[in-house]
Amino acid sequence: MMPGYMRLVMHSTDGSSTAIDLNDAQLPLVIGRDADLAKVAIVDGQISRVHCRLLKVGEDWVVEDLTSRNGTFVNGARVAKSVIRPGDRLRVGSSQFTLEDEACGPDPLIGARISGFAIEEPLGRGRYGAVYKGTQVALHRPVAIKVLAPEFASDPERVQAFLTEARRAGALNHPNLVQVHDVISSGTWYFLVMELMVGSVGDLLRDNGPLEEEAVRRILADTCAALAFAEANRLVHRDVKPDNILFGEEGTYKLADLGIAAPISADGVAHQERIFGSPHYVAPEQARGGTIDGRADLYALGATAFHLLTGRPMFEGSTREVVQSHLSRPPPDLRTLVPGISPSMVQLVGKLVRKNPQERPRSATEVGTMLDRLAVGKPLVRPVIRRRFRRR
């Protein structure tokens, strides 16, 4: 790589950007609120005095959180330490950065037209590819276009997973599932065209901190409707988390990303050949491997609710430590972390994150009923009325 080409670009809310040439910067590059301690100082109450640092490890660029209060995020996931690659998004407080490699030249997809869809601008990047804003030209319809990263396009297993997500999502039509419009292959490129959403619940969490209980209840209710539909179609989602719950301008929450959903077989369970899921939300039985059912998604829903209510994941630490905590540690007390939370919400989240799936609610439909009762201030479960009969 030629010196002077790698840069970190800070994007401001007013649309402007500031580029930092990493090849000329003094490393490690510390980002924080304290101008005396940080080389990149940002006035932001959500940022710690020394929040994170960027350094070079071998040929890799690495971002390392410096035990910040609100966390460091790469492509939406909170990290303690992570490799960061060109195109990745780094979020620190309310500020967003991207790592850019000018030697790679401009994005070849921007401005391209593929099978009637025009690709316009990037929206985000994940582990296996990127998402762009686009337009279905004939209908003047705005869309989101998910693109499989070129380095995975030659991997038959990854291509098959990408196509499987498209087929599963395209076959399911529900108001609380993100709708897939088309799947396209063009040369070595693979595209998944979906309805365009405004943002994710993960974005709300990162931008605003903990959410109000009523907002969390509505998010859970819409997500439960999606999970109940998935159950009816014999699927376990396996990756319920804030970043996979999206919302549109009309305010409806929709579950996305069926790429790792597992089919439920005739014996009533899904057989996992490999362990998938996001560490902060993974159910204990899913983390162990083997068979699971829809109650694994309910655990992830409970872990998501905990994060939304408190502003922090249920467990923190390295991936190994977090998974081990899901397996063996009780969750922190919501009543301590969220003063004023209703007893019913505490009870509901507690039921969802039971270690033993047999002790959780039986289905997403049952959880939806609980949420309906919570909305009107009723107990989660109807009380059992015992009638006494007088002996004659």
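Which helices do the buried residues of H6 pack against?

1. Helix packing. This is a predicted model. In it, the buried residues of H6 pack against helix H4 (284-288) and helix H5 (295-310). Helix H6 spans residues 319-328, and its buried residues are Val322, Ser325 and His326. These residues cover an arc of only 100 degrees around the axis, which puts them on the same side of H6. The spacing is in keeping with a general rule: an α-helix has 3.6 residues a turn, so residues three or four places apart point the same way.

2. Helix H5. H5 has 16 residues, and the distance from its first C-alpha to its last is 23 Å, close to the 22 Å expected at 1.5 Å a residue. Of its 16 residues, 16 are buried, so H5 is largely enclosed by the rest of the structure.

3. The five-stranded sheet. An open sheet with mixed pairing is formed by 5 strands in the order S4-S3-S5-S6-S9. Its edges are strand S4 (40-41) and S9, each of which pairs on one side only. Strand S3 (residues 29-32) runs antiparallel to S5 and is joined to S5 by 3 bridges. Within that pairing, isoleucine 31 has cysteine 52 of S5 as its bridge partner.

4. The S5-S6 hairpin. Strand S5 (residues 52-57) pairs with S6 in the antiparallel sense over 6 bridges. The hairpin has 2 residues between the strands, and glycine 58 takes a positive phi near 65 degrees.

5. Strand S6 and its other neighbour. S6 (residues 60-65) has 5 of its 6 residues buried, so the strand is largely enclosed by the rest of the structure. S6 is also joined by 3 bridges to strand S9 (residues 81-83), and these two strands run antiparallel. The bridge partner of glutamate 64 in S9 is lysine 81. As a general point for reading such a sheet, the side chains of a regular strand alternate between the two faces of the sheet.

6. The three-stranded sheet. A further open sheet has 3 strands in the order S18-S20-S21, with antiparallel pairing. Strand S18 (199-200) and strand S21 (253-255) are the edge strands, each pairing on one side only. Strand S20 (residues 245-247) is paired with S21 in the antiparallel sense over 3 bridges. Isoleucine 245 stands opposite leucine 255 in S21.

7. The chain as a whole. The protein chain contains 9 helices and 24 strands. Its radius of gyration is 22 Å, close to the 21 Å that the globule rule gives for 392 residues, so the chain is as compact as a globular protein of that length. Along the principal axes, the C-alpha atoms fill a box of roughly 95 × 50 × 40 Å.

8. Burial, contacts and surface. Of the 392 residues in the protein chain, 49% are buried. Among contacts between residues at least 6 apart in sequence, 51% join residues at least 24 apart. The accessible surface of the protein chain is about 20100 Å², and carbon and sulfur atoms account for 50% of that surface.

Notes:
Residues numbered from 1 in each chain as written. Predicted model: local features only at pLDDT ≥ 70, side-chain atom pairs only at ≥ 80, totals over all residues. Heavy atoms only, no water. Buried < 20%, exposed > 50% of the residue type's maximum accessible area, 1.4 Å probe, protein only. Helix = DSSP H or I, 4+ residues; strand = E, 2+ residues; numbered from the N terminus. Pairing = 2+ DSSP bridges. Arc of directions from axis to C-beta. Contact = heavy atoms within 4.5 Å. Expected span 1.5 Å × (residues − 1). Rg over C-alpha atoms; globule rule 2.2 N^0.38 Å. Areas by Shrake-Rupley, 256 points an atom, 1.4 Å probe, with all protein chains shown as cover.
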